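Thanks for making the time this morning.

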Amino acid sequence: MSSLASTPAHAPATTRTFLLLGPPGCGKGTQAERLAKHFGIPAISTGEMIRAEVRAGTELGRTAAGVMVTGGLLSDELVNQIVRSRLGKEDCRGGFLLDGYPRTVPQAEYLAALLAELGMPQPLVLHIDVPEALLIERTCNRRYCPQCGAIYNLSTHPPKKAGLCDSCHVELKQRDDDCEETVRNRLAAYQRSTAPLIEHYSGRSYVRVDGSGSPDEVFQAILAALA
Ligand code: ZN
């Protein structure tokens, strides 16, 4: 245990705190992993954080599990407490990357106060933006082989013979017949919930990165934006 544990924390000068925003299908998970590795900081998603509390059998975890069992939504208060517990852990002293939190402006305000309390810098918000048409194309061009489960993408990874699995030669299928509508609805819901958050952060450390390229190109664009 560090002797600093009970005194006000002094984060190392190189401490970096990031928030990652972006629509479903923008490749956030991949970029979160790469950034975490690049900066040697943990990438923390809300889901993992909650599951860790549940696994550890803490009071927070038991409360969260109880809410989730009944299909309820976790309150800001509960999610904030779980974030407080996670960010106070030793591996976050050099910084962290959050994915999926904050989701609301009150959560963003809680996070700002928590970071000030921990002596950590305010977050840099990385917004990975991808045009709706491209998100639809990426998601709805997916096909799978019902026999071997191989995944194809008509634009980025097409089968050698149109419509047929390369190894089984059976007809490829699409998982969701209403894919385009499903994706549009999901994006509309995402935009409604994220717009206030983007507005909240836009006057501060906020960087928007074009996420339309390959994972490598997007990662390079992020590093360039940070430089
Ligand atoms: Zn196959």
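Before the first residue, one term: when I say that two residues touch or are in contact, I mean that they have heavy atoms within 4.5 Å. Please also keep in mind throughout that this is a predicted model.

Let me begin with V83, which sits in helix α4, the helix covering residues 76–87. With neighbours up to four places away in sequence set aside, V83 touches M49, Y101 and L114. Its relative accessible area is 0%, and because the cut-off for buried is under 20%, V83 is classed as buried. For a sense of the spacing around this position, the C-alpha atoms of V83 and L98 are separated by 9.6 Å, the two residues being 15 apart along the chain. C92 is another residue with a relative accessible area of 0%, and it is likewise buried.

Now to the metal site. Which residues supply the protein donors of the zinc ion? They are C145, C148, C165 and C168, each through its SG atom, and these donors lie 2.3 Å from the ion. Along the sequence the donor residues follow the spacing C-x2-C-x16-C-x2-C. The angles that the four donor atoms subtend around the zinc ion run from 105 to 114 degrees, and the arrangement is therefore tetrahedral. For reference, the ideal angle for four tetrahedral donors is 109.5 degrees. As for accessibility, C145 is buried at 1% relative accessibility, whereas C148 is partly exposed, with a relative accessible area of 43%. C168 is also partly exposed, its relative accessible area being 23%.

The next item is the disulfide, and the count by the distance rule comes to one. It is formed by C140 and C179, whose sulfur atoms are 2.3 Å apart. The torsion about the S-S bond is -85 degrees, and the link between C140 and C179 is left-handed. C140 belongs to helix α6, residues 132–140, while C179 belongs to helix α7, residues 179–202, so the pair ties together parts that are 39 residues apart in sequence. Both of these cysteines, C140 and C179, are buried.

Is N141 buried or exposed? Its relative accessible area is 18%, and since the limit for buried is under 20%, N141 counts as buried. The side chains of N141 and S155 are joined by a polar contact of 3.4 Å. Leaving out residues up to four places away in sequence, N141 touches I136, Y152, N153, L154 and S155.

Let me finish with the chain as a whole. The protein chain has eight helices and seven strands, and along the principal axes its C-alpha atoms fill a box of roughly 65 × 45 × 35 Å. Of its 227 residues, 37% are buried. Taking contacts between residues at least 6 apart in sequence, 70% join residues at least 24 apart. The accessible surface comes to about 12700 Å², with 53% of that belonging to carbon and sulfur atoms.

Terms used: Residues are numbered from 1 along each chain as its sequence is written. This is a predicted model: local features need pLDDT of at least 70, side-chain atom pairs count only at pLDDT 80 or more; totals for chains, interfaces and linings use all residues. Side-chain values use heavy atoms; hydrogens and water are left out. Donors are N, O and S atoms within 2.8 Å of the metal (3.2 Å for Na, K and Ca); water is not among the atoms, so sites may look incomplete. Four donors count as tetrahedral if all angles lie between 85 and 135 degrees; four count as square planar and six as octahedral if opposite donors are over 155 degrees apart and all others between 65 and 115; anything else is irregular. Buried means under 20% relative accessible area, exposed over 50%, partly exposed in between (1.4 Å probe, protein chains only). Helices (H or I, at least four residues) and strands (E, at least two) are DSSP runs, numbered from the N terminus. A disulfide is a pair of cysteine sulfur atoms within 2.5 Å. Accessible areas come from the Shrake-Rupley method with a 1.4 Å probe; for residues, only the protein chains shown count as cover. A polar contact is a pair of N or O atoms within 3.5 Å; within protein, one must be able to donate a hydrogen and the other to accept it, and residues adjacent in sequence count only if both atoms are side-chain atoms.
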